[in-house]
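Dear colleague,

Please find below the sequence and the structure that I am handing over to you. My notes on what was found follow directly after them.

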Amino acid sequence: MLQPFYTVSFSSHQQLWNCIYKAYEFSICNHNKFVYYSRPAYHSTSLSQILYFASEGRCIRLVTRNSSNSFYGKLDDLEENLGMKNCHFIRIHQSYLVNAKFIASFNHKSITLLTGEELRISKPNYFHEIKKMVKKK
């Protein structure tokens, strides 16, 4: 930060923007809201309204009962941030992070949400995590 921004290498630009984003998100942090950037502005959605997050390449799709929206990010980073907010999202697949309160039923291969939508479970250890989380609800 002491040298002019244009003299910093590209990887440092990316690291700087990641730090700025995390600082901004922390400054407006509300433990009941999820804040994300989708051009041209920041948006917030109540965590209790989010059904699941789906990773699609470099984008993450946020799905609620009424809508969906996409933003750039990594599901691993999102899972870490949601863990700090102490909310109940479960990883069921490399590409899915699901709100536990919307799980209606599940078996070894898939979960069914209260909306009737079915999502695939990809690994046995994900299934065991779902069993533990649903027992806690």
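I begin with Arg91, which counts as buried because its relative accessibility is 11%, below the 20% limit. Please keep in mind throughout that this is a predicted model.

**Salt bridges**

Arg91 forms a salt bridge with Glu79, and the closest N and O atoms of the two are 2.7 Å apart. This pair connects distant parts of the chain, since Arg91 belongs to strand β6 (residues 89–93) and Glu79 to helix α2 (residues 75–84), twelve residues apart.

In the whole structure, the search finds four salt bridges. In general terms, side chains of opposite charge can pair when their charged atoms come close. One of the bridges joins Arg61 and Glu56, again with 2.7 Å between the closest N and O atoms. Arg61 is partly exposed, with a relative accessible area of 23%, and Glu56 is also partly exposed, at 39% relative accessibility.

Another salt bridge is formed by the side chains of Glu129 and Lys132, at 3.5 Å from N to O. Both residues are in helix α3 (residues 124–136), and because they are three residues apart there, about one helical turn separates them. Glu129 counts as partly exposed at 41% relative accessibility, and Lys132 is partly exposed with a relative accessible area of 48%. Elsewhere, salt bridges that share partners join Asp76, Glu79 and Arg91 into one network.

Strand β4 (residues 59–64) pairs with β5 in the antiparallel sense over five bridges. Arg61, already mentioned for its salt bridge with Glu56, has Ser70 in β5 as its bridge partner.

**Aromatic pairs**

The search of the whole structure finds eight aromatic pairs. Among them is the edge-to-face pair of Phe34 and Phe53, with 5.1 Å centre to centre and 70° between the planes. Phe34 lies in strand β1 (residues 33–38) and Phe53 in strand β3 (residues 50–56), so this pair ties together parts that are 19 residues apart in sequence. Are these two residues buried or exposed? Both Phe34 and Phe53 are buried.

Tyr52 and Tyr96 also form an edge-to-face pair, at 5.9 Å centre to centre and with 75° between the planes. Because Tyr52 lies in strand β3 and Tyr96 in strand β7 (residues 96–99), the pair ties together parts that are 44 residues apart in sequence. Tyr52 counts as buried at 2% relative accessibility, whereas Tyr96 is partly exposed, with a relative accessible area of 22%.

Finally, ring pairs link Phe34, Tyr36, Phe53, Phe71 and Phe89 into a cluster.

With kind regards

Key: Residues are numbered from 1 along each chain as its sequence is written. This is a predicted model: local features need pLDDT of at least 70, side-chain atom pairs count only at pLDDT 80 or more; totals for chains, interfaces and linings use all residues. Side-chain values use heavy atoms; hydrogens and water are left out. Buried means under 20% relative accessible area, exposed over 50%, partly exposed in between (1.4 Å probe, protein chains only). Helices (H or I, at least four residues) and strands (E, at least two) are DSSP runs, numbered from the N terminus. Rings of Phe, Tyr and Trp (its six-membered ring) pair if their centres lie within 6.5 Å; planes under 30 degrees apart count as stacked, over 60 as edge-to-face and the rest as tilted. Two strands pair if DSSP finds at least two bridges between them.
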